[in-house]
Amino acid sequence: MRKLAAFLVAAFLLFSAAPVSAAVRAVSNAPQPAGKSSVTVLMYHKISDDPADANNAFCISSKTFEEDIRFLKENGYTFCFASEVDDVLSGKRPRGNYVAVTFDDGYESDFYFAKPVLERYGAKATFFVIGSKIGMEDHIAKEHLSALSRLDVVEIGSHSYGLHNMPVAELKQSFDSKNPKPIADDFLKSANILEKIIGKKVAVLSYPNGIYNTDTDRALRNAGFTATFTSDEKRPVYPGVPHGRINRWKGAALKNLLAK
């Protein structure tokens, strides 16, 4: 299947006449469907109670994470996977106030801290994992990733294979080039690795550092990815385009972030 996907990417790039645009961070002008459900997409990274992580703005405590999930549950949010966001926006799910909880990078804390809370509250979450960092220090081990993926409330997605390891300036240059194929190949490589570990199809992704462009996004969708996500908090959540996410950092209460 992945060989076919790679062929489709190459075919798309060969026949597409559209030039590659600069990395897109602007708000989409696409109309929001009227009378549909709302979706909030949250972006978490690491959960830790280690004092060594105290100065990491994007690392929250296990207590804070459980408080977040409890708050969402008690305030009437319906949890959905990243792969379900477009269906919610298109009216294919029961109407409601939905939230998609996502994690970037693939830390061991996904298994030790996020997993028990998600199980306890029956809350869905999607974990975007960096393929090249599986089993490395502080990142999730293969056996833990496999166990995590077996939960009904967990979905696994790609956060690239090696793109995330590139300096930001170099990464932007790659996306601004006229050849998006290496980027598509990187995500397909990551998906292949993840699928071998979890035994399930990987069809959602989040862009490293939130950087992307419209032509590469289109190529990745043609290769089989059904939903893509950026880290741009200002980008609305619309069907069929990269979705913006609210970055869950420790400097604010969740209810204040949701009120923005």
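Student: Why is Asp87 called partly exposed?

Tutor: The relative accessible area of Asp87 is 27%. Buried means under 20%, exposed over 50%, and partly exposed in between (1.4 Å probe, protein chains only). Asp87 is therefore partly exposed. Note that the model is predicted: local features need pLDDT of at least 70 and side-chain atom pairs pLDDT 80 or more, while totals for chains, interfaces and linings use all residues. Residues are numbered from 1 along each chain as its sequence is written, and side-chain values use heavy atoms, with hydrogens and water left out.

Student: What makes the pair of Arg93 and Asp87 a salt bridge?

Tutor: The closest N and O atoms of Arg93 and Asp87 are 3.9 Å apart. A salt bridge requires a side-chain nitrogen of Lys or Arg within 4 Å of a carboxyl oxygen of Asp or Glu, so the pair qualifies. Arg93 counts as partly exposed because its relative accessibility is 32%. Both residues belong to a network of salt bridges that also links Glu84 and Lys124.

Student: How many salt bridges does the whole structure hold, and which one involves Asp104?

Tutor: The search finds 14 salt bridges. Asp104 pairs with Arg245, the closest N and O atoms being 2.9 Å apart. This pair links distant parts of the chain, 141 residues apart: Asp104 lies in strand E5 (residues 97–105), and Arg245 in the loop between strand E9 (227–229) and strand E10 (246–247). Strands are DSSP runs of E, at least two residues, and helices are runs of H or I, at least four, numbered from the N terminus.

Student: What makes Asp104 and Arg245 buried?

Tutor: Asp104 has a relative accessible area of 3%, so it is buried. Arg245 counts as buried because its relative accessibility is 1%.

Student: How do you know that Glu66 and Arg120 form a salt bridge?

Tutor: Their side chains meet at 3.1 Å, N to O. Glu66 in helix H2 (residues 62–74) and Arg120 in helix H4 (residues 109–121) are 54 residues apart. Glu66 counts as buried because its relative accessibility is 18%.

Student: Why is H5 called roughly perpendicular to H7?

Tutor: The axes (lines fitted to C-alpha atoms over the stretch in contact, with angles from 0 to 180 degrees between N-to-C directions) of helix H5 (residues 142–149) and helix H7 (residues 181–198) come within 8 Å and cross at roughly 75°. That makes H5 roughly perpendicular to H7, since angles of 65 to 115 degrees receive that name, under 35 roughly parallel, over 145 roughly antiparallel, and the rest oblique.
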